[in-house]
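User: I'm new to reading protein models. Could you walk me through this one with some questions and answers?

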Protein chains: 6
Amino acid sequence: MSTQISRHPVPNLDDLSQDIKDKILQVQEKAGFVPNVFITLAHRPDEFRAFFAYHDALMLREASGLTKAEREMIVVATSGVNHCLYCVVAHGAILRIYAKNPQIADQVAVDHRKADITPRQKAMLDFAVKLARTPEALTEPDYQSLRDHGFSEEDIWDVGGITAFFALSNRMAHLIAMRPNDEFYLLGRVPPAKR
Amino acid sequence: MSTQISRHPVPNLDDLSQDIKDKILQVQEKAGFVPNVFITLAHRPDEFRAFFAYHDALMLREASGLTKAEREMIVVATSGVNHCLYCVVAHGAILRIYAKNPQIADQVAVDHRKADITPRQKAMLDFAVKLARTPEALTEPDYQSLRDHGFSEEDIWDVGGITAFFALSNRMAHLIAMRPNDEFYLLGRVPPAKR
Amino acid sequence: MSTQISRHPVPNLDDLSQDIKDKILQVQEKAGFVPNVFITLAHRPDEFRAFFAYHDALMLREASGLTKAEREMIVVATSGVNHCLYCVVAHGAILRIYAKNPQIADQVAVDHRKADITPRQKAMLDFAVKLARTPEALTEPDYQSLRDHGFSEEDIWDVGGITAFFALSNRMAHLIAMRPNDEFYLLGRVPPAKR
Amino acid sequence: MSTQISRHPVPNLDDLSQDIKDKILQVQEKAGFVPNVFITLAHRPDEFRAFFAYHDALMLREASGLTKAEREMIVVATSGVNHCLYCVVAHGAILRIYAKNPQIADQVAVDHRKADITPRQKAMLDFAVKLARTPEALTEPDYQSLRDHGFSEEDIWDVGGITAFFALSNRMAHLIAMRPNDEFYLLGRVPPAKR
Amino acid sequence: MSTQISRHPVPNLDDLSQDIKDKILQVQEKAGFVPNVFITLAHRPDEFRAFFAYHDALMLREASGLTKAEREMIVVATSGVNHCLYCVVAHGAILRIYAKNPQIADQVAVDHRKADITPRQKAMLDFAVKLARTPEALTEPDYQSLRDHGFSEEDIWDVGGITAFFALSNRMAHLIAMRPNDEFYLLGRVPPAKR
Amino acid sequence: MSTQISRHPVPNLDDLSQDIKDKILQVQEKAGFVPNVFITLAHRPDEFRAFFAYHDALMLREASGLTKAEREMIVVATSGVNHCLYCVVAHGAILRIYAKNPQIADQVAVDHRKADITPRQKAMLDFAVKLARTPEALTEPDYQSLRDHGFSEEDIWDVGGITAFFALSNRMAHLIAMRPNDEFYLLGRVPPAKR
């Protein structure tokens, strides 16, 4: 079984600039391992910095009307329709943890319409999946559906912005055949004590 | 969270004919629980009998040149492109067990091209996925690719037959919104001792 | 012109088990010839038995709220969008006979929206065609449309079940390049006396 | 059953200009009835004249390297993928007559890849069907395939020109819901003596 | 850079019949140059005559309820979704001139939903684009939308007829790789005085 | 005609942070106007900073094996298939300027296969367009085609990275209905002296 995590060269941690090294060590401390997206994208330092700055601006945004679990749902649903293995597996893990629900990621990745989520969340994912695959088809009723479910204009930006960012992310993962870390597959599926 | 496992009425075990009851008790004994596909499809006894007879003819076929894990790969890959939650979750579990690989089902369901499987198995899934979504597009080079990877004519029938049977199965699951049992989500992901 | 009726070996009637031979002789007596689906699928006896048991459970179901002609319409419309020559030609013949209408099969196979059928039947075929090609896209309004046209929940199961079974059937026919019998092309087009 | 042959007004023969009346009487004399395309399109005389002039330039072209049956195959195959009922039924009849083959039209309309035609004719229909549905996808290998099967540059123009003309024709038939004449359904299926 | 304007032979003006030569000289006098569609299609004189007769019947029709700019919008929008370079560039120029709007053609070709046009014109282009790409999908609500925006039945014929004609035209341009004249690119973008 | 440039609030330059204001004034000085992407995205300062950092990392990368014109070709071709008006119009202008070719942007946006570009550039755009619309379909032969045309592994990252970034960018433009500045439509079409 291949242990290659990217089609492109993967840098040594020691060869990286201090700011990138710090970012990586920080996530390692928090997660217990270095997700491959960090080490594979570090091959291009400037793109790395912009990628994670963009990611954090959307996914860590304090003012957002979306919960962190809802934001991860968007990632998992749109990565599902884009058949992006890295993002489904890695963000599926994060979604399970945020939602404290070991089944939700598999449901959302395969068919969000049958997932154990609220009608409001289904409307959100309908919008996101449409923007993800056929952005030109988004019309006024799609926006109205979000408003009818209580989404504000800023919330709509968040839904669309996260979808747009992972349109980029999914394509980078496909481009370099980014491999998910083994750790992600099981995260959030069993209580920590059991693992 | 809804506990409804079908849009249609779900029969009581006691109301079922003896042969169906026996089939269900037998799987319960083996699996430790009754997969919802048994109890939901039992709503129509004659279709139930034919469904499982067909399933067993293909999936338990002794003479097949495909391993049981390979047969489940076909199920998981085609159910993935058909966005069938029940089949991805339930057969994903079976695939993990047969392949003794806790990651393979997620890989095959999301993007078989990047899964940790052999080139022969990738060719098999290319053929299956094409037959699953656009059966009319199958042409001679698709068959030749299977032969080039060592598949016999009988193996090709197996690949196509399993794909065809789960085209039916996926549509029944979508039709009645069949819900996967909770048990499937974790099966084969952790050693039995750890659960 | 090829007289090959399958890519796979076609068994001799004499080599078949008695129950399969009986089934085939019975249809021959009724139809005047042996439809190729019987002889080609007999290559795999267990699959043959399950296939026809499933077929009969749906297509001969006494309690169904769908007429036999309506059930054949579903077959012809979904086989049309799946470009399945065997099923369009063979079931087109059966539909002409049941509906006593020499034109209906060609209409339904090419464009059910312009066929000489009732609005209720058009709604039924809209549902079937969607389930046939993009099963994941079926949502609540699709079910509601059937209910609005007077379909019961059991009728909906019939519509979906027949569509699902012919999703299998169409793929088997594509897989083995099943050739329709010459007899089907003209059946039901002209009064018996004229032929 | 509706006897309406167009969504738009259908002119009286007596109200038409002499040249159009003549054209219609001429086809009536030859065919024994007036195909609905003549009477429905006569609603717009100038478009009528251009339509049939274009049709005749391609379909009656003496110098063409395609037989008349081959030209009708292109019509039937592309009308099939465009789900155009009028053209499949009407030109299916003409194809049966030209090819002296009662089955060919149904085969070509449903799945030209499995029709009883030559490899050269299959290559011709592959090209035509691609131009019909996704004209932008036609690339050099598509042209080369035609040349490899012996088509000259003028033949390629004929294949493409007929496909292009029936792209127009199919859309006019869809637009006005043009109904095929009853007569077409049976033409060419049985020897004249038997009808 | 290639100056080839067609994959097929391009005739010399002097070798053409007088009526075709006259038609070409007439457009040259009006436009200041000979659009390549005239000279490339003249390779087949009878098709040429029918093509331009059809074009003029629709695009110059006095009685039409559509303005000439609206007719060109249909051409540009449908040629856009068909990725037809010749028609987008040539008819884009004509649209700019008729609409006296230097931006409208680029807007309509890329995404008519975001163009500076009226809701009525957007409804017209929604209908046209659907007929252009998936003619079989046109159903009653599509017609009703046009009526709701004030289109008469004759107007609907015009919308559909122009779409149908350019379905042909786009395919001929793709078939022969028709090259737009350099002159079209700038026409209508700058006031004549400035050029 | 609407002068609204975004569905979302557009900030006043004076209310923006100094670094964003500086970035905007800098582009205004260079271009002579403020492209709407700057002012509309400034509504979310952190995303703004990441967006332009990412953009500049790819589009201004000194070490790239792609010329600046080639990078803009990727933007225009992928934005074309995504029907993104802002990006086609704005980056079309930049492409015309970099390539010193007033026609190239219209060609690449409508149909890159018929554009006046090199076979190497066509291969590059084939790869980019596939990644843009169906990222999961990218397989080894797609990479090999780029290598066969002389692209290095770093060049492949650039092609894919730019495609990925504009997958994000196109979706943001669709989401907020970003309007292109009037200035872009004519830029690079006529020599400066003539405007």
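Predicted model: local features only at pLDDT ≥ 70, side-chain atom pairs only at ≥ 80, totals over all residues.

User: How much area do chain B and chain C bury between them?
Analyst: The size of an interface is often given as the accessible area lost when the parts come together. Here, 63% of that buried area is on carbon and sulfur atoms. The total for chain B and chain C is about 4000 Å².

User: Which three residues supply more of the area that chain B buries against chain C than any other three?
Analyst: Together these residues supply 22% of the area that chain B buries there. They are Tyr54(B), Trp157(B) and Arg171(B).

User: Which residue of chain C forms a salt bridge with Glu140(B)?
Analyst: Across the interface of chain B and chain C, eight salt bridges are found. In the one with Glu140(B), the closest N and O atoms are 3.0 Å apart. The partner of Glu140(B) is Arg7(C).

User: Is Asn170(C) buried or exposed?
Analyst: Asn170(C) sits in helix 9 (residues 153-176) of chain C. Among the residues it touches are Thr78(C), Ser79(C) and Cys84(C). Buried means under 20% relative accessible area. Asn170(C) has 0% relative accessibility, so it counts as buried.

User: How far apart are the end C-alpha atoms of helix 4 of chain F, and what span should its 14 residues have?
Analyst: Let's work it out. The expected span is 1.5 Å times one less than the number of residues. For helix 4 (residues 68-81) of chain F, this means that the span should be 20 Å. That agrees with the distance between its end C-alpha atoms, which is 21 Å.

User: How many of the 14 residues of helix 4 of chain F are buried?
Analyst: Helix 4 of chain F is mostly covered. After this helix comes His83(F), with a positive phi near 55°. Of the 14 residues of helix 4, the number buried is 13.

Note on methods. Residues numbered from 1 in each chain as written. Chains lettered and ligands numbered in written order. Heavy atoms only, no water. Buried area = accessible area lost by both parts, 1.4 Å probe. Salt bridge = Lys/Arg side-chain N within 4 Å of Asp/Glu carboxyl O. Helix = DSSP H or I, 4+ residues; strand = E, 2+ residues; numbered from the N terminus. Buried < 20%, exposed > 50% of the residue type's maximum accessible area, 1.4 Å probe, protein only. Contact = heavy atoms within 4.5 Å. Lists of a residue's contacts leave out its neighbours within four places in sequence.
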